[in-house]
Amino acid sequence: MTDNSLTDLLRPRERRALLSQIEGLATGYLDGIEGGSPASHVAFEAALLASRLGALGGRWASDRAHRLLEIGCRALTAGNPLRRTWLGGIFGVSWIARGIAPGGVGMDLAAVADGCLAEDLASEEARPGTVPDWIGRALYAIHRHEESPSSPGPAALATRAVRICAARASGAAVPPRWVGPDGRAYLGHARGAAASLSLLARARHAGLGGGEAIEEAAGWVAGVVAQAASPLKGETGDGIPASVAPDGRLEAAPFSGWCHGGPGVAWGLAQAAVALGDVALLDLARRVACRAAARGTELPAAAAADPTLCCGSAGRALMYGRLWQLTGDATLRGAARAALHHAAGDLPEWLPRNDEGLALPSTLQRGFPGLALAVSEFLGLPGSWAPLFRLDPFPA
Ligand SMILES: [Zn+2]
């Protein structure tokens, strides 16, 4: 890791202006959530936003985050459907809650999440999920294990969840099984090989196996990226394929984001490189990110205009910024700054405005909280707010 800090991407005056803009917008947003009857995940994500912004200054009381957590718990006990995903689902939520209220909020969310994982493992044979389903569960299990390495419960859950992921990701016929329900083998972070690779590398780092599947995943991603060294036919994306069609044709990503496109592929490669201490893999991550950054201006207007965390500029800013921190590559610094300015400029547009009948999604992936959280990472907050977006220093 270089000495670069994400705060270096903004001048002090820009930083002050951005902080005051986010505080103003987020106050209104959180007022609206607290005064309404939000779904549990909306309340939990709002709690995370309040907590992170609270760490930036005195105007934000941490009891706001606690109240929002309690609202989320009430919605859960009222039978709100429980989403079993990382971003915005119970696995991510239990992690969020522990960060905000280590002593608990009247409901043991970690126990709820552990219970969901145990149920899913028990029904795995009867109801085999896809690799993407299991990536989220296994990632949660690895973090539970890392939190309490000597506790046998999380270790057993993590080992089983990782084993299921590894089995799905290896030993399969060509094309490998990073395949969606539509028959395409995906490369990116939402459901693809880059996410599998990052997961398996973390599992090995945590001493939970993951073994040979790592080489297969790394080799497959590198091979697909190399095949796409020249522009894809009819290419509209950032130059890194999103998927391989059943007939073997490479398909361009419709946009350049975390879920599909170069930044997410580079992100998965970099996370794996850090976990494995693999210099060659880190250099591949840098090259993928630089290629995506260089071609990003060729995105179709609609894709370039998306500011969200999952598919748009907020996520790109975070990923290019963290990759710049890790590699010191000046191309990535420029790309992070451009993406950050785009995301910050779009913040006001993405506040839900119910009085106008405009129902924008209010989620981490596709809404204001994720956008505001990503942008606030450039204001000098310690740590990061979700393991999915964590990038540790490269081992010495
Ligand atoms: Zn997306």
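How are α8 and α10 oriented to each other? The model is a predicted one, in which local features need pLDDT of at least 70 and side-chain atom pairs count only at pLDDT 80 or more, while totals for chains, interfaces and linings use all residues. Residues are numbered from 1 along each chain as its sequence is written.

Helix α8 (residues 193-205) and helix α10 (residues 262-276) pack with their axes 8 Å apart, at an angle of about 15°. Helices (H or I, at least four residues) and strands (E, at least two) are DSSP runs numbered from the N terminus; axes are lines fitted to C-alpha atoms, for helices over the stretch in contact, with angles from 0 to 180 degrees between N-to-C directions. The two helices α8 and α10 are therefore roughly parallel to each other (angles under 35 degrees). Residues in contact, with C-beta atoms placed from the backbone within 7 Å, include Ala 194, Leu 197 and Ala 201 of α8 and Val 265, Leu 269 and Ala 272 of α10.

A separate element is the open sheet, in which three strands are ordered β1-β2-β3 with antiparallel pairing (two strands pair if DSSP finds at least two bridges between them). Since β1 (185-186) and β3 (250-252) each have a single partner strand, they stand at the edges, so one side of each lacks a neighbour in the sheet. Two bridges link β1 to β2 (residues 241-244), and three join β2 to β3. Ser 243 of β2 is the bridge partner of Tyr 186 and also stands opposite Glu 251 in β3. The hairpin of β2 and β3 has five residues between the strands, and Gly 248 there takes a positive phi near 90°.

Conventions:
Angles under 35 degrees count as roughly parallel, over 145 as roughly antiparallel, 65 to 115 as roughly perpendicular and the rest as oblique. Two residues are in contact if their C-beta atoms, placed from the backbone, lie within 7 Å.
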